[in-house]
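Hello,

Here is the model I promised to pass on to you. Please have a look at it first, and then read my notes below.

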Amino acid sequence: MSTIDSLRGLILSGHYEPGDHLGEVELAEALGVSRTPVRDALRRLQAEGLVEITANKGARVVVYPRADLETIFELRARIEGLAVRQAAAVATEQDIARLHELAVTLAEHADRHDVEAVYRLNADFHQALVRLGGSQVLAQSISSLVHSPVLLRTYGAFDSEAMRRSVNHHIEIVAAVRAGDPEWAEAVMRAHLFSARASLLGPRRQENKT
């Protein structure tokens with residue numbers, strides 16, 4: 001496994017939490033490499049949005065305020081709900097077969113706990129739905145959210161039950177699209193995203209205790 005894959009995995013698994021300092025020397029020792037590949041990995045993870053590097057302070061895992069995370073999931077639920085409604089209205093048998101293939105392959109990787117593969121396949125699945133809707137406005141709106149480090153961190157926060165629920169949502173979305181049922185498709189998509197939000201942020205009632 002490459003240095004960047006190893007470091008990304010440590011962040012996604014929660015070994016390094018938001019705000020944790022990422023020292024090059026310590027990481028090099030932990031990963032059994034020199035500082036050069038660690039420095040390169042940190043720069044690439046900065047480009048992915050998982051790490052921030054500040055002059056004279058070094059690198060740390062990116063911190064997202066809870067309010068920002070809430071907003072991201074709310075936006076995704078609204079926008080992707082609309083996208084899947086449009087997809088359900090126009091999808092061909094070939095489109096549905098492709099979505100089914102992605103959902104099944106995603107489930108197989110989830111069983112193997114391959115978080116990075118699940119992340120990639122999930123992004124492909126959501127992008128495929130957006131393309132079916134045929135709206136460039138929706139595609140542009142969703143792109144940054146689907147590929148955001150928040151999604152990477154969300155899958156890292158999934159326990160086995162949450163991962164199984166997410167996998168089942170993908171399969172049910174395909175069923176709703178196959179049935180040509182926009183309301184069903186939108187309802188499952190919203191449930192899918194709000195379930196992911198709960199896995200990352202925990203009970204929402206905690207907000208009322210502060």
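**What I found**

Not counting residues up to four places away in sequence, leucine 129 touches Ala83, Val84, Ala87, Leu99, Ile173, Val177 and Met189, where contact means heavy atoms within 4.5 Å. This is a predicted model, in which local features need pLDDT of at least 70 and side-chain atom pairs count only at pLDDT 80 or more, while totals for chains, interfaces and linings use all residues. Residues are numbered from 1 along each chain as its sequence is written, and side-chain values use heavy atoms, with hydrogens and water left out.

Buried stands for under 20% relative accessible area, exposed for over 50%, and partly exposed for anything in between (1.4 Å probe, protein chains only). In soluble globular proteins, nonpolar side chains tend to be buried together.

**The chain as a whole**

The chain has 10 helices and three strands, and along the sequence they follow the pattern α-β-α-α-β-β-α-α-α-α-α-α-α. The radius of gyration is 18 Å, close to the 17 Å that the globule rule gives for 210 residues, so the chain is as compact as a globular protein of that length. That radius is taken over C-alpha atoms, and the globule rule is 2.2 Å times the number of residues to the power 0.38. The helices (H or I, at least four residues) and strands (E, at least two) are DSSP runs, numbered from the N terminus. Along its principal axes, the C-alpha trace spans about 55 × 40 × 35 Å. Of the 210 residues, 43% count as buried. Among contacts with a separation of 6 or more, 72% come from residues 24 or more positions apart.

**Helix α9**

Aspartate 159 caps the N-terminal end of α9, with a side-chain oxygen 3.2 Å from the backbone nitrogen of glutamate 161. A polar contact here is a pair of N or O atoms within 3.5 Å; within protein, one must be able to donate a hydrogen and the other to accept it, and residues adjacent in sequence count only if both atoms are side-chain atoms. Among the buried residues of α9 are Met163, His169, His170, Ile173 and Val177. Just after α9, glycine 180 takes a positive phi of about 65°.

**The sheet**

The three strands form an open sheet in the order β1-β3-β2, with antiparallel pairing. Its edge strands are β1 and β2, each of which pairs on one side only. Two strands pair if DSSP finds at least two bridges between them. There are two bridges between β1 and β3, and histidine 21 stands opposite arginine 60 in β3. β2 and β3 are joined by four bridges; threonine 54 has glycine 58 in β3 as its bridge partner.

**Loop residues worth a look**

Which residue takes a positive phi in the hairpin of β2 and β3? It is asparagine 56, with a phi near 70°, and the hairpin has three residues between the strands. Asparagine 56 counts as exposed because its relative accessibility is 84%. Histidine 113, in the loop between α5 and α6, also has a positive phi, near 60°. This histidine 113 is exposed, with a relative accessible area of 62%.

Tyrosine 16 sits in the loop between α1 (3-12) and β1 (21-22), and at 16% relative accessibility tyrosine 16 counts as buried. Leaving aside neighbours within four places in sequence, tyrosine 16 is in contact with Leu7, Leu10, Ile11, Leu22, Leu27 and Val61. Tyrosine 16 and arginine 60 are 44 residues apart in sequence, and their C-alpha atoms are 9.0 Å apart in space.

Best wishes
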